[in-house]
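Here's a quick briefing for anyone meeting this structure for the first time. Have a look at the sequence and the model, then read on.

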Amino acid sequence: FDSGAGKSSVLESLVKRSFLPRGTGIVTRCPLVLQLNHCPLGDARRKGIEHEEWGTFLHSGDRIYELDEVRDEIDAETTRNAGSNKGIVTTPITLKVYSPHVVNLTLVDLPGITKVAIGDQPEDIEEQIQDLIFEYIENPLTIILAVVTANTDMATNESLKLAKSVDPEGERTLAVLTKVDLMDEGTDARDMLKGLVIPVKLGIVGVINRSQKDINDNKTMEDALQYEAEYFQKKYKEMASRTGSPYLAKKLSMLLSEHINKNLPEVENKIRKEMEECSKILVECGESITDKRATLMNVVNKFSQAFCSLCDKGSQNLQSMKLTGGAKLCDILHSRLEKVFAGCEPCKSYTTDQVVIALRQSNGLKPPFFVSEVAFETLVKPLIKNMEKPALACVDAVKRELGSMCQLSISEQLKLRFPELKQALIKIVQGIVEKRAQKAIQMIKDLVSIEAGHITYYRIDVLKEEFQEVMTDEDRDDVVPFPKGKLESELRSRLRVAGDEEKADITAQLNLLTMSDKDKKHVIILGMMLNHYYKIVAETMQDSTAKAVVTFLVNEVRETLNAELCVALMQGELDELFHEQEDITDKRQATHAKLNVLEQSLQVISGITSHS
């Protein structure tokens, strides 16, 4: 990781070709992913290719056969990504190398750590480079190649320090000691190579890179490797077999193979989990639509089934405090309506004064033998007509719930993928509900008119004996059921300040309100009649309202929903209805591509497992 430690030269020695840019200062300014592919003569990948080796950049896809062109393209892409004034970026350059002289290996060349910002580098360049390095070396599946120079203090080396921070046990860190041939006279690298200075669990491999003079003198990689082998044989004969670039390549390949085999089960589990997530995403996105008419029919059928199912039952969560579907409709038509009607106390709707006046006004030339039917009907009919408002409110509540059920019946996938189709479904269902609701509304109005238009007195016959007791039993102590009005007290207040002529009129009005014992009994009986008859009509209206709403609204919507939706939607523009949001399309394509890569990766892992 140290700038100038010879990282790029190590990579070149592994490829056995000089192809990387060179220069002073920070040369590697973005990650270079180098994928080495062992491609012997006769390999199927060589079909139509005469050259022994070649490279391919991921960003262009073109095959490059000349090393100078490879170097120039790395320089050009670096400039395109990171600029021309020493800036760095995290965007990697990926180069695939096919050659019979390399082992299968993927290497990443990262920018070296620099302490001082130059050019257009930011002041925090050191932190940025460290963050970039950590992005790669934190991956537990990677092997860390810590490049250390032999002519500096190994104990203070930055690359080993960074490697240890993410790999404290040293399970995946291999050290490479460069510039062994440049050490001061009288010193050698034996202690460092043996791990006596800084121990490295996977070992320390010494290499000798080409110097800038060697490059200027056009020293070939073959000559450099020959010099390296001879140098270690001469200077470090006892450990020569464990040094040099060829040994480093074999060591890396072996370590990587062992590391991969060790982590394969975990990698396979991660891939399978990601494949499951991809499958879930694809289910959410749905498949591409080819036959729009068939798909529309399928959507309508599923929607209708979901809607009807909601009508038959409520939420599947029996612990939920929110009622939905059939449970909510039942609550509206039975519990709620019953509470409204039961909460009405007929006798509290009128004062005693109003009832007495009604009795007086209902008398003809001959007073009624019993309680006046005219007085009773005058009082009971307004109460019956008042039942229309809560009954119609139930229709509105049912309409709202049917609208909510419509929303619940639309799948989440359809809502996300086809907003136009979703809106069309909602609009058509609203029209169907509104149309059917009119029949229920008219039926309720007719029911109220029927009940108010004809009072059936036989319903009160069950109270005749009790009425007789009220009239004849002097020991009964019944209380007038109507609240006392303010009219009598208002008249008496006016009487105290009235003139002679007005006093006579007020006195006559007071006499009209004064009840005899018989009048009191008639008022009590009238209250009993109102309570009894209102209760009967309320029960009838509650039952009939529920039946009218279910028959003419809920059931008709259920029975005609599928057919009416098909007819209405088929008349629309199917292309517009099935216009999919672009982000869903992009998400599906990206997920398909990712799933394909994961499946291929799983096949590769299966192949490795079967051969191990």
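Tyr227, Tyr231, Phe232 and Tyr236 come together as one aromatic cluster. Keep in mind that you're looking at a predicted model.

**Aromatic rings**

- A pair of aromatic rings is described by how far apart the centres are and by the angle of the planes.
- Searching the whole structure turns up eight aromatic pairs.
- Take Tyr231 and Tyr236: their ring centres sit 6.5 Å apart with the planes at 45°, so this pair counts as tilted.
- Tyr231 and Tyr236 are both buried.
- Phe232 also pairs with Tyr236, with ring centres 5.9 Å apart and planes at 50°, so that pair is tilted too.
- Like Tyr236, Phe232 is buried.

**The largest pocket**

- How far apart are domain 1 and domain 2?
- Where does the largest pocket lie? Domain 1 (1-123) and domain 2 (139-243) both give residues to its lining, so the pocket lies between them.
- The largest pocket has a volume of about 1800 Å³.
- There are 45 residues lining the largest pocket, and the closest to its centre are Thr106, Leu141, Thr142, Leu256 and Ile260.
- Several elements give two or more residues to this lining, among them strand E1 (32-38), strand E4 (93-99), strand E5 (105-109), helix H3 (125-137) and strand E6 (144-149).
- Helix H8 (245-285) and helix H21 (582-611) are also on that list, and so is H1.
- Which element gives the largest share of the lining? That's H8, with eleven residues.
- By class, the lining of the largest pocket divides into 28 nonpolar, eleven polar and six charged residues.

**The cavities**

- Rolling a probe the size of a water molecule over the atoms shows where empty space is left.
- The structure holds two cavities of 30 Å³ or more.
- The second largest cavity comes in at about 90 Å³.
- Eleven residues line the second largest cavity, and the closest to its centre are Ser9, Ser13, Asn209, Arg210 and Met221.
- Helix H1 (7-15) and helix H7 (221-235) are the elements that give two or more residues to the lining of the second largest cavity.
- Its lining is made up of four nonpolar, four polar and three charged residues.
- Domain 1 (1-123) and domain 2 (139-243) each supply at least three residues to the lining of the second largest cavity.

**Cysteines**

- A disulfide is a covalent bond between the sulfur atoms of two cysteines.
- How many disulfides does a search of the whole structure find? The count is zero.
- Cys347 is in no disulfide, and the nearest cysteine sulfur, that of Cys344, is 10.0 Å away.
- Is Cys347 buried or exposed? Cys347 is buried, with a relative accessible area of 5%.
- Cys394 is in no disulfide either, with the nearest cysteine sulfur, that of Cys330, 12 Å away.
- Cys394 is buried as well, at a relative accessible area of 4%.

Conventions
Residues numbered from 1 in each chain as written. Predicted model: local features only at pLDDT ≥ 70, side-chain atom pairs only at ≥ 80, totals over all residues. Heavy atoms only, no water. 1 Å grid on protein atoms, 1.4 Å probe; cavity = no way out; pocket = protein on both sides within 12 Å on 5 of 7 lines; lining within 4 Å. Points joined across faces, edges and corners; volume = space filled by probe spheres on them. Helix = DSSP H or I, 4+ residues; strand = E, 2+ residues; numbered from the N terminus. Nonpolar A, V, L, I, M, F, W, Y, C, P; charged D, E, K, R; others polar. Domains from an automatic or database assignment. Disulfide = S-S within 2.5 Å. Buried < 20%, exposed > 50% of the residue type's maximum accessible area, 1.4 Å probe, protein only. Phe/Tyr/Trp six-rings, centres within 6.5 Å; stacked < 30°, edge-to-face > 60°.
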